[in-house]
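Thanks for coming. I will go through one structure, starting with a few backbone details and ending with helix packing.

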Amino acid sequence: MARQRKLESTRPASVRPTTKPPVVHVRKASPERRFDSKFTMFVAFNGCLIVSVVLYVYFLHYLESWVIRPVDLPKVTVKSALDIPERFWGSYRSSLYFGLKTRSPQPLAAGLMWFSHKLKNQNLPIRHWCNQWDRLQKYGWTRHDGVNFGVQQIVDEEFVIETSFVKRAGGLNGGDWTARISVKPKVPGAVPTTPLSLLFYFATDGHGHLWPNVDAKSHLGYIQGETLELGQFTATFHDRNPENVVHYSYLSTVAPGLESLKETVLHNLMIHRRKKGARDLYVTRGTVLSAEDRERKKSPNFVLTQVTVMPPYELEVIFESESFEDRPNRLSGEIYEQSLAEYSAKFDERFHKLFNLQGKGFSEEDNDAAKEVLSNLVGGIGYFYGSSLVQSSHNKEPVEYWKAPLYTAVPSRSFFPRGFLWDEGFHNLLLMRWDPEISKDILGHWLDLMNVDGWIPREQILGAEARAQVPAEFVVQRDTNANPPALLLTLEALLRQPDVLATHGDFLQRAFPRFLKLFQWLNSTQVGKMPGSYRWQGRDASSRTELNPKTLTSGLDDYPRASHPSEDERHVDLYSWLAFSSGVLAEAAHLLNHPSSDSLTATHHMLSNTALLDKLHLSSQTKRYCDYGLHTDKVRLVEQKPPPGQAPGAPPLPKVRLTMEAPRLQFVEHFGYVSLFPLLLCLLTPDHPALGKLLTDLRNPALLWTNYGLRSLSKDSPMYLQKNTETDPPYWRGPVWININYLAVKALHHYSDLPGPFQEKAFQLYKELRNNIISNILKEYRQSNYIWENYDDITGKGRGSHPFTGWSALVVLLMGEVY
């Protein structure tokens, strides 16, 4: 125990702490951390996937929007709307029998409707949009200068209606104008059997304001209005024969749009009962605003006066701008007639100076006809605003092009009242001669429609009013589809003007880069399989209902090409267009000292080398220029067998093509317009043997020669006058077309001036062909009162749409020998 005690005594005495000691937590040593590669890779993969999806979606959107990107070049059109006040107002509603509007995106539109109070098939025959099925005996401008005035004559059953207008510059908003509508019996002294209603209106697309001023007799005396561009204005309606007025009425309402004005009138007509024995009248209802319009406080955007008369009768519509403060007098009555006479005299003087038809042996009647043809081309110039529907290979559905204006001539007011790219090149051959400023303005508007690739939609359907007149299948434009670069014909004509740099240099500097871009697009997208060759894209190789799949992009539609479209095709007309275009652009580039001059010259030398042309397109068998491709002539349309169980009386299936022998790669031996293109565009040297062969074949009546011009397809072709489907009549398979005949006459004139073995033959053909074309067109014009889309190769009769004072108006240049 003592030992034990001893041990205890050696320990230090324990002392109780006054505070609790801190607790020290000792962590166990954790195992070494490892890098979780699977999780990191999962995160990285998904992150990359999300970024890729975003980039892919963006890229798809980028591709989808590519077709609607404007080219990054300065605009050609630098002045528009009120920048050119003398052309702010005009007869720019090409599709109307008579209409005026401003050249602006939101126009004030004015127009005429009329109808006889005699029902036809239980329908009221309201005339508004030009329609050849109205079967008017005549309508068309007799004088129109494109700027200051126009006079038109319309013959409708028992009435002759003359519409005219005169403009007067002044103020800040486009100045004043007066329109006069005159109605008289077709037979002088005849007493009309039925009243006629004239309806003259003003309308907007919803912008601005129109305030009608109506007296107690429902007579619309005047309209006061205001728009952003026009400011304040007044339009006064003045009767010159009030004693012949049967009834006044008016309409003030909200129309859905400019494309539905006629329908709005029909919806707001009522019957006005007259005294016993007098015919009841169809009259407009006055002020008509729906409950919805009133609730939304919509003001009228469509106001018209209806004057029902027993002709003779004259109505004046006097438009006056409030900003025209120093107006010397009102453009009415004798003042109007004096101004109209002065402008008409200036027109005649200018026409004589440019064309001198009397000096070339034409009669006064022929001279007047030529003035009317020119006036119809000029009077058909329209102004459109809107966006095309376009589609590329990257778009599942059509997309809207950017909104843009288009100032352009139209082929036909009744059937094609819109812009067509290759037509416009021919239109402007005449317009450039008549008024270069108008022509340059038109070219600028077309070139400004170019997208980033250099593509221009070939058919322009801009705005609701234009789109309402086009079948749906023709609305969408595809960016793989080209059109002949006929605008280069106009550029060539411009380069031939005296003092071209001094007079047109600024325009050429702006326009040339876009012309060049157009050529580069064609030269890269329409290339063929064989080096140096070209083919029109867009033919449908899967078509079963066509005898020969159409080539709409060429402008020659159903002209026979290789029977089976393929990548091996070579098209001689497209080759010729590219050779011609490169030459015109090389000349312009040299004139402008543009850096592309050398490369364009080299391209032109290559394509104008007849050795290459002959290698690609000259048939060793016929010694004629031809297309090349997968082809057989052994095709025909046959009935399809009805499917099993088809109900009795069901409509038959469309005919389909039967190929009776396997096609093979060969020249397409159909002699016609396509074969002539090396001649038409003057690519051949004056001593080339193929030129002599073409001139000989040209004069052969068994082939292309007729007394009315050159037919489009030789009579010995198996496709001559053949339908392409069971419902499509032959179009470019026989009829005489004036645009190609103009090029033929121009080319013959060219070769008749060049020394060579075929000079005399070219001169004789020039004289004969020119005379045949002019004589037939004038004869048909006198008999039918119309210029036609094409002419029958057997009888010379006008065919197709009418009036067609687009490229058929080139007869004026033929008469004046202006090439």
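Is Ser218 buried, partly exposed or exposed? Ser218 is partly exposed, with a relative accessible area of 30%. The classes use a 1.4 Å probe on protein chains only: buried is under 20% relative accessible area, exposed is over 50%, and partly exposed is in between.

Some ground rules before I continue. This is a predicted model, in which local features need pLDDT of at least 70 and side-chain atom pairs count only at pLDDT 80 or more, while totals for chains, interfaces and linings use all residues. Residues are numbered from 1 along each chain as its sequence is written, and side-chain values use heavy atoms, with hydrogens and water left out.

Back to the backbone. Ser218 sits in the loop between β9 (209-214) and β10 (220-227), and its phi is near 60 degrees, a positive value in a residue other than glycine. Helices and strands here are DSSP runs numbered from the N terminus: H or I with at least four residues for helices, E with at least two for strands. Asn121 also has a positive phi, near 50 degrees. Asn121 is in the loop between β3 (109-116) and β4 (138-144), and at 73% relative accessibility it counts as exposed. For context, most residues other than glycine have a negative phi, and most peptide bonds are trans.

Pro311 and Pro312 are joined by a cis peptide bond with omega about 10 degrees, and Pro312 lies in the loop between β16 (302-309) and β17. His802 and Pro803 are joined by another cis peptide bond, with omega about -10 degrees. Pro803 belongs to the loop between β32 (798-799) and α19 (811-816).

Next, salt bridges. How many does a search of the whole structure find? The count is 42, where a salt bridge is a side-chain nitrogen of Lys or Arg within 4 Å of a carboxyl oxygen of Asp or Glu.

The side chains of Glu316 and Arg180 pair at 2.5 Å, N to O. Glu316 is in strand β17 (residues 313-321) and Arg180 in strand β7 (residues 176-185), so this pair ties together parts 136 residues apart in sequence. Both Glu316 and Arg180 are buried. They also belong to a network of salt bridges that links Arg180, Arg240, Glu314, Glu316 and Glu337.

In the second example, Arg418 and Glu459 form a salt bridge at 2.7 Å, N to O. Arg418 is in the loop between β21 (404-408) and β22 (419-420) and Glu459 in strand β23 (residues 459-460), so the parts tied together are 41 residues apart in sequence. Arg418 and Glu459 are both buried.

Thr553 is buried, at 4% relative accessible area. Leaving aside neighbours within four places in sequence, Thr553 is in contact (heavy atoms within 4.5 Å) with Asn481, Ala482, Asn483, Pro484, Trp536 and Gln537.

Now helix packing. Helix α12 (residues 572-592) and helix α13 (residues 597-607) pack at about 150 degrees with axes 8 Å apart. Axes are lines fitted to C-alpha atoms, for helices over the stretch in contact, and angles run from 0 to 180 degrees between N-to-C directions. The two helices α12 and α13 are therefore roughly antiparallel, a label for angles over 145 degrees. The residues of this contact divide into nine nonpolar, seven polar and no charged. Nonpolar covers Ala, Val, Leu, Ile, Met, Phe, Trp, Tyr, Cys and Pro; charged covers Asp, Glu, Lys and Arg; the others, Gly among them, are polar.

α17 and α18 likewise pack at about 150 degrees with axes 8 Å apart, and are therefore roughly antiparallel. Their contact divides into 12 nonpolar, four polar and one charged.

Finally, helix α16 (residues 689-698). Seven of its 10 residues are buried, so α16 is largely enclosed by the rest of the structure. The buried residues of α16 pack against elements including α17 (738-752) and α18 (759-784).

Notes. Parallel < 35°, antiparallel > 145°, perpendicular 65-115°, else oblique.
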